[in-house]
Amino acid sequence: MVSRAVFSGISAIFLSVQLPTLAQTCTPLSLVGGQGSEVTKTVSGPTIPGPFGIKIKRNNWNTDWAVPGRRKFKSFVGTIVSDNGGSFDIRMFLKYSDQTAEEFFNQNGTRLEPGKPLRIEATPRLQDSPFQVNIFVNGLSAIGLTYRASVVGCF
């Protein structure tokens, strides 16, 4: 009986000890068609179609980041922050070379508090690596609001 109590006490001590966690190493991803790894955008109005398939006005709701082909990331973290805050419709996807995409976040009316980042984490498929990460930001109440976005890949 005593040995059971001693074992329980020792087990409780070992289980309560906080072991250090391994720190993740994350790398900023590069913008597709841009420079650097962070983008600042003001949400535009919707695309206006014109005659013969010509677009009179294009929206700026999609932003893509390139995933380096030589690296296998365990996760991706998108960060969106608005200095003035506001309500945004936000989606985040991992895009794969087989023309599929996995959606990891889809929330209309996401309230961003001024200067407080929204972090969205996405985990890639076990047997495949995405070639791009896409963040889609829009919303009628967001037209004219400015935000910054970036994505990192983590090992």
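This is a predicted model: local features need pLDDT of at least 70, side-chain atom pairs count only at pLDDT 80 or more; totals for chains, interfaces and linings use all residues.
Trainee: Which residue does a disulfide join to Cys26?
Mentor: A disulfide is taken as a pair of cysteine sulfur atoms within 2.5 Å, and a search of the whole structure finds one. Its S to S distance is 2.0 Å, and the residue joined to Cys26 is Cys154.

Trainee: How many residues apart are Cys26 and Cys154, and in which strands do they lie?
Mentor: Strands here are DSSP runs of E with at least two residues, numbered from the N terminus. Cys26 belongs to strand S1 (residues 26-28) and Cys154 to strand S12 (residues 146-154), so that the pair links distant parts of the chain, 128 residues apart.

Trainee: Is Cys154 buried or exposed?
Mentor: Buried means under 20% relative accessible area, exposed means over 50%, and partly exposed lies in between, using a 1.4 Å probe and protein chains only. Cys26, at 37% relative accessibility, counts as partly exposed. Cys154 has a relative accessibility of 0% and therefore counts as buried.

Trainee: Is the disulfide of Cys26 and Cys154 right-handed or left-handed?
Mentor: The handedness is read from the torsion about the S-S bond of Cys26 and Cys154, which is about 105°. With that torsion, the disulfide is right-handed.

Trainee: Which residue meets Glu38 in a salt bridge?
Mentor: A salt bridge requires a side-chain nitrogen of Lys or Arg within 4 Å of a carboxyl oxygen of Asp or Glu, and by this rule the count comes to eight. One of them, with 3.8 Å from N to O, involves Glu38, which lies in strand S3 (residues 38-42), 110 residues apart from its partner in strand S12. Glu38 is partly exposed at 44% relative accessibility, and the residue it meets is Arg148.

Trainee: How far apart are the closest N and O atoms of Arg125 and Glu102?
Mentor: Arg125 lies in the loop between strand S10 (118-122) and strand S11 (132-138), whereas Glu102 lies in strand S9 (residues 101-112), so the pair ties together parts that are 23 residues apart in sequence. Both residues also belong to a network of salt bridges with Asp98 and Asp128. The closest N and O atoms of Arg125 and Glu102 are 2.7 Å apart.

Trainee: Which residue of S12 is the bridge partner of Gly78 in S7?
Mentor: Strand S7 (residues 75-81) has six of its seven residues buried, so it is largely enclosed by the rest of the structure. Two strands pair if DSSP finds at least two bridges between them, and S7 runs antiparallel both to S10, over five bridges, and to S12, over seven bridges. Phe76 stands opposite Ala122 in S10, while in S12 the partner of Gly78 is Val151.

Trainee: What value does phi of Gln99 take?
Mentor: Most residues other than glycine have a negative phi. Gln99, in the loop between strand S8 (86-95) and S9, is exposed at 73% relative accessibility. Its phi is positive, near 70°.

Notes:
Residues are numbered from 1 along each chain as its sequence is written. Side-chain values use heavy atoms; hydrogens and water are left out. Helices (H or I, at least four residues) and strands (E, at least two) are DSSP runs, numbered from the N terminus.
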